[in-house]
Amino acid sequence: MYKGTSASAGIGIGKAVIVKEEKLVITRKAVSDTAAEIRRFKGALEKTIKDTERIAEDLAARVGEKEAEIMKGHMMLLSDPMLTGEIEGSIQNEGINSEIAVENVCSMYADMFASMGDELMQQRATDMRDLKTRLQKTLMGIQSVDISSLPKGSVIVAEDLTPSMTAGINPDNVTGIVTELGGRTSHSAILARALEIPAVVAVTAFLSEAKDGDDIVLDGSTGEIYLNPEPAVKEEYQHKKNQFMAEKKELEQYIGKPSVTKDGVKVEIVANIGKPEDVDKVLRYDGEGIGLFRTEFLFMDRTAAPTEEEQYEAYKQVAIAMKGKPVIIRTLDIGGDKEIPYLGLEKDENPFLGYRAIRFCLDRQEDIYKPQLRALLRASAYGNIRIMVPLVTCIEEYRQAKALVEELKAELDSKGIAYKRDIQVGIMVETAAASLIADLFAKEVDFFSIGTNDLTQYTMSVDRGNKKVSYLYSTFNPAVLRSIRHIIASGREAGIMVGMCGEAASDPMMIPLLLAFGLNEFSMSASAILKVRKMVTEYSLAELRSVADKAMTFATAAEVESYMKAFVEKVKF
Ligand code: PEP
Ligand code: MG
């Protein structure tokens, strides 16, 4: 068995098709008529741009606008006067052929991007190499590997798939993708997920073992791959595949259905996102809003903070796409496990208890917090944006954040800039302190969203990333459950909305308890939405209340879990 990084869920069973780009042999030739050579380059450039445009249009029609963006990015690079100017200059000044000029200039940029280290720059380097090869092939009149007409049941095996190759894949024929390079966020992985083709990436030493026509079984959810497996393994995975497909199909019927219990209690099932592009998937899985936009992702993979303008565009894009549905945007939550080098945060002795999230933002009002809040307010004119403050421990923190929002509203008023006047400002309840005074918070804030990932960590005094103590990290611990129940009750009593955006919100064994406690909103990764909606519609609250009463009598997490497991299995999920 081989193991790689899971890139796109699902089971793929089929025959290996090894996709190898022939290595181009680029030779240097002296050119005397450089003007004619530049014309030849320009012709090839124009054709490559046209081809890229065609691929982008095809992707937009077959897969989605977001995926087409990747190819549009290529078009922008190809149209960049700096890049093309340098290539033309190189032909002119050195008297060399276009192929070698393209080689030198594009490789220089690709190496520069690659040396910057982070994943985004690695991706730029891949894009640049992809472009270089395509330009050279056009110049040399060589056809690219065409993977659009592979036979049915193909599993593509490659060192890496360039975005332009992936774009040509026909999902009816390709049942899986395995690559030796790439990561979960590489373009190929993103496209595989968009096309819903099971994929495993970053599988070491696989190409040297696999041959064309070999039997391959891959599990895109676990990252496991079997090369020429025993019939029993194949059978087991065929069974898993059937189950996966049947469940997917069955869940589709919940698209467009309300999230209502059997006895008529309506809840909202919304999504967690990290980037505006994630909204496509939320809409596809019929999310009723965004329950958590983790804005720190906008600050990652770059060398300086995004400007107010960039943030405004990102928030506006989400607000517009969600068409008036609630969009809860969390202000910057960095520190702890989420580091951003350019912010110059020193290493804390106890990062989870240190200078982070709202603590950091209130200390960096001018350069960080105000631009973000201003961007949020301005974007709120385009939809139903709500502002959420993370890691709050005391009322003063909320009051300060709220006062800043009011100050910025006045500033926008004086400039005649529009914003949502009754914009809600709520908090994440994710610390033990905030939970204990949830009743006091509930009188001041507009909504709660329970962050069980941190609430569990802070209640149990257990680092959420430390494997040695992970046995203590359970949201089913009666201490955490009491805390959750108290937060929900406090919010409900004050008449504010109480949501949950931690992982527990989509845990099948937790959902009956949360419904019984009175949670209004469940926020999770988009792909979990329909399954949770199905669960909600199959319960009645009256029945769940007695289940929750019983669950709350147990003294240990293990007892609660086994009780809930037995209950959920009885209902058959
Ligand atoms: C949480 O703490 O539960 C949460 C949703 O936030 P994050 O995982 O980003 O800390
Ligand atoms: Mg948190």
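How much area do domain 1 and domain 2 bury between them? About 1300 Å², with 61% of it on carbon and sulfur atoms. Buried area here is the accessible area, taken with a 1.4 Å probe, that two parts lose on being put together, summed over both.

Before more detail, the ground rules. This is a predicted model, where local features need pLDDT of at least 70 and side-chain atom pairs count only at pLDDT 80 or more, while totals for chains, interfaces and linings use all residues. Residues are numbered from 1 along each chain as its sequence is written, chains are lettered from A and ligands numbered from 1 in the order in which they are written, and side-chain values use heavy atoms, leaving out hydrogens and water.

The protein chain splits into domain 1 (2-21 + 146-243), domain 2 (34-140) and domain 3 (261-570). Those bounds come from an automatic or database domain assignment. Between the C-alpha centres of domain 1 and domain 2 there are 27 Å. Their contact, meaning heavy atoms within 4.5 Å, takes 18 residues from domain 1 and 17 residues from domain 2.

What about salt bridges between domain 1 and domain 2? The count is zero. A salt bridge needs a side-chain nitrogen of Lys or Arg within 4 Å of a carboxyl oxygen of Asp or Glu.

On the side of domain 1 that touches domain 2, the elements giving two or more residues are α6 (163-167) and α7 (187-195). Of these, α7 gives the most, with five residues. Helices are DSSP runs of H or I with at least four residues, strands are runs of E with at least two, and both are numbered from the N terminus.

Now the whole chain. The protein chain has 22 helices and 16 strands. Its C-alpha atoms fill a box of roughly 85 × 70 × 45 Å along the principal axes.

Salt bridges do occur in the structure, and the total is 37. In one of them, the side chains of Asp111 and Arg129 meet at 3.5 Å, N to O. Asp111 sits in helix α4 (residues 98-115) and Arg129 in helix α5 (residues 119-140), 18 residues apart. Side chains of opposite charge can pair when their charged atoms come close.
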